[in-house]
Amino acid sequence: MKKIVLNSFVLGFLLVGCSSNKNSAKATSPEKYLTEIKAENLSKHLYIVASDEMEGRDTGTPGQKKAGEYLINQYKAMGISFPKGATTFYQPIPSEFFKKQFSPKLGDSENIWAFVEGSEKPDEILVISAHYDHVGMKNGEVYNGADDDGSGTVALLEIAAAFQKAKKEGNGPKRSILFLHVTGEEHGLHGSRFYAENPLFPIANTIANINIDMIGRRGYEKEDNDNYVYVIGSDRLSTDLHRISEEANTKYIGMELDYKYNDLNDPNRFYYRSDHYNFAKKGIPAIFYFNGVHDDYHKATDTPDKIDYPLLAKRTKLAFAVAWELANADERPKVDKDGK
C-alpha cells in the first residue's frame with residue numbers, strides 16, 4: 001500500500017471536516033430521542049386524559065376544560081411554552097363558531113397550542129395535531145374516548161417531550177413545531193377549521209401537518225397485527241411528504257404502512273373526516289395516522305385499559321420520526337399534486 005504523507009495544514013483540515021460531519025449527522029438523526037417515547041408514559045397520561053373525571057371531554061364542557069388544563073400543565077413541566085405571538089396556551093373559539101344546523105348548542109371552547117422554536121428556520125412551521133375533545137356523557141355513562149382521540153392527544157405530549165430533550169441537548173429542530181390540540185372535532189372538525197381560518201402563523205409558512213387520530217388500538221381485520229398503521233393523505237398533495245413518511249418508517253421504525261383508507265374510492269371517506277383535512281384544503285401537505293375502527297368506536301367502552309400501549313408507542317415514534325425528518329430537511333416538502 002502506498003504511503004501518503006500529509007502536511008499539518010491538510011491534516012488539520014481533514015480532522016475538522018470529519019468532526020463537523022459527525023456532529024451534523026448526530027444532529028439530524030432521531031434515533032437517540034425515539035427512546036424517550038415510552039409506553040408507560042403514554043399510559044400514565046391517558047389514564048388521566050380519558051378518566052371518568054373528564055366526563056367524556058365534550059366540546060366546551062367543564063370536563064374538556066379540565067383535560068385541557070392537564071395538557072397545559074404537562075407542557076409547563078417540560079419547559080415548553082405557548083407559541084410566540086400568543087399570550088396563553090389557548091386559542092379561544094366562541095360558541096357561535098360551532099353553530100351548525102341540527103347540532104346541539106356548544107359552549108365556548110379552546111384549541112390548545114404549545115411551541116418548540118426552530119434553530120435555523122424558525123418562521124417555517126410544522127403543525128402536529130390531535131383533537132382532545134370527545135362526545136361527553138350519554139344516559140349517565142361517560143364516553144371516555146381513550147382511543148378517540150385520547151391516544152393522539154397523549155402522543156403529542158410524548159413527541160413534544162422528545163423534541164424538547166433534543167433541543168436542550170443542542171439538537172433542536174431546524175424548523176419550528178406547533179403542537180396543536182384541537183377542539184370540536186367530533187361536532188364537525190371545528191377546531192382545526194378555526195385554526196386554518198385564523199392561523200397564528202401564515203399558512204404560507206406552514207410546511208406540513210401531521211395529524212394523529214386514533215392510534216391506540218387494533219382495528220377490524222387487524223386484530224392479530226401489532227405492527228401496522230393506516231396512512232391517509234400522504235400523497236394527495238406532496239410526493240415529498242409521502243416519500244419522507246415511507247423513508248422514516250423504513251429507516252427507524254419498520255411498521256406495516258397500510259394505505260387501504262387512502263384509496264380515492266374508499267367508502268369510509270376517512271380522508272375527509274379528521275382534522276388534517278382543514279389543512280389540506282389550504283394546500284398544506286397533510287398526513288393522517290389512524291388505527292382503523294374497532295368494536296368500541298364511539299361507545300362508552302372505549303376505555304384506557306383496552307389500549308395496546310406498546311403499539312401506541314410504536315406509532316407515536318413513527319409520527320416523531322417523520323416530524324423530525326420534516327423539521328430538519330434541507331427543503332420543505334413541495335406541493336406537486338392537486339389533492340385528488
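Begin by selecting Asp296, which counts as buried because its relative accessibility is 8%, where buried means under 20% relative accessible area, exposed over 50% and partly exposed in between, with a 1.4 Å probe and protein chains only. This is a predicted model, in which local features need pLDDT of at least 70 and side-chain atom pairs count only at pLDDT 80 or more, while totals for chains, interfaces and linings use all residues. Residues are numbered from 1 along each chain as its sequence is written, and side-chain values use heavy atoms, with hydrogens and water left out.

Asp296 lies in the loop between strand 10 (286-290) and helix 9; helices (H or I, at least four residues) and strands (E, at least two) are DSSP runs, numbered from the N terminus. Leaving aside neighbours within four places in sequence, Asp296 is in contact (heavy atoms within 4.5 Å) with Arg217, Thr301, Asp302 and Lys306.

Next, select strand 3 (residues 121-131) together with strand 6 (residues 175-182), which run parallel and are joined by eight bridges; two strands pair if DSSP finds at least two bridges between them. Within this pair, Ser129 stands opposite Leu180 in strand 6.

Finally, select helix 7 (residues 239-253) and helix 9 (residues 309-328). Among the residues that meet here are Leu241 and Ile244 in helix 7, and Lys314 and Leu318 in helix 9.

Key
Axes are lines fitted to C-alpha atoms, for helices over the stretch in contact, and angles run from 0 to 180 degrees between N-to-C directions.
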